[in-house]
Amino acid sequence: MVPSIASPALVPARRASDHPAPLEPVRTDLALEALLAEDKVTLAFQPQISVATGEVVGVEALARDPGGMTPDTMFARAAAAALGERLSRAVQRKALQTMGKWRGPLGRLRLSLNLLPEDLARPGYERWLLDEIALAGLRAEQVTAEITESSLIADPVAAAARLACLRAAGVRIAVDDFGTGYASLAWLTTLPLDMIKIDRGLITDLVGGRRAQIVVRALIALARELELQVLVEGVEDPDQLALLKAWNCDYYQGFLGAKAMAEDELAAFLA
């Protein structure tokens, strides 16, 4: 059974005088509408690197605006204009179609896609994603679906069922930003997972920070016991990488290995 997010100790009782805040009206965003209609959202790819060998084994697809809008701003504006799901699906489709054309070193990579809460809240999303994977000429085993804790809050039972369907078809499931939410540990026992991605915030003080070392080492050991792989985000220092290697971490992302880059830059980097 998927755990409930709400906890009596964490959610204050509502008083009779409390009234829900009025919903904000959906704001029209003509610029973002045009960006989507004209298919101008571009992609960057963040390499995922083996800690043990230094080999690039996969990439995370990230949305980019050629006009310079930051990804956070773009998705915030999309959410305000009720365009979040449309933007998410456009990015996922473009990433899959792009990878479907890759050959050589690029063709051996895995592709990680970020799923929004709106994706998992939509009935039939799992079928849509599997159809898009097939249309791109890819196998489900080449794709990893990355979720955050916020993706599960609205309807955790339905979200878990959709993830189970994807995983049964071969898609790998990873929990992104692991360690930032209070229910993270509970998801390890209830969701169909293959990997956890440890948030960059947990490794900021990894070198010289005894408590940070204890926490990260314990999370890696816990994942090992559960037969899950581990990827650590935000690695920027050789000493951080040395510790992760000593603790048998599987993969990492971060400026130490490679920045997020365009498709042509990625091809040159691998060559």
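Modeller: A search of the whole structure finds 15 salt bridges. A salt bridge here is a side-chain nitrogen of Lys or Arg within 4 Å of a carboxyl oxygen of Asp or Glu. This is a predicted model: local features need pLDDT of at least 70, side-chain atom pairs count only at pLDDT 80 or more, and totals for chains, interfaces and linings use all residues. Residues are numbered from 1 along each chain as its sequence is written, and side-chain values use heavy atoms, leaving out hydrogens and water.

Biologist: How many residues apart in sequence are the parts tied together by R122 and E85?

Modeller: The two side chains meet in a salt bridge at 2.8 Å, N to O. R122 lies in the loop between α4 (117-121) and α5 (125-135), and E85 lies in helix α3, so the pair ties together parts whose separation is 37 residues. Helices (H or I, at least four residues) and strands (E, at least two) are DSSP runs, numbered from the N terminus.

Biologist: Is E85 buried or exposed?

Modeller: Buried means under 20% relative accessible area, exposed over 50%, and partly exposed in between (1.4 Å probe, protein chains only). R122 has 42% and counts as partly exposed. E85 has 16%, so E85 is buried.

Biologist: What separates D131 and R127 in helix α5?

Modeller: Their side chains form a salt bridge at 3.4 Å, N to O. D131 is partly exposed at 38%, and R127 is partly exposed at 47%. They are four residues apart in helix α5, so the separation is about one helical turn.

Biologist: Which residues are joined with E146 and K197 into one network?

Modeller: E146 forms a salt bridge with K197, the closest N and O atoms being 2.9 Å apart. E146 is buried at 2%, and K197 is buried at 0%. The pair links strand β4 to strand β6 (residues 195-198), 51 residues apart. Salt bridges that share partners bring in E60 and E233.

Biologist: Which element gives the largest share of the lining of the largest pocket?

Modeller: A pocket is an open set of points on a 1 Å grid over the protein atoms alone, where a 1.4 Å probe fits, with protein on both sides within 12 Å along at least five of seven lines; lining residues have an atom within 4 Å of a point. The lining of the largest pocket has 35 residues, and E60, L62, D72, N114 and D176 lie nearest its centre. Elements supplying at least two residues each include α2 (71-80) and β5 (172-178). The largest share, five residues, comes from β2.
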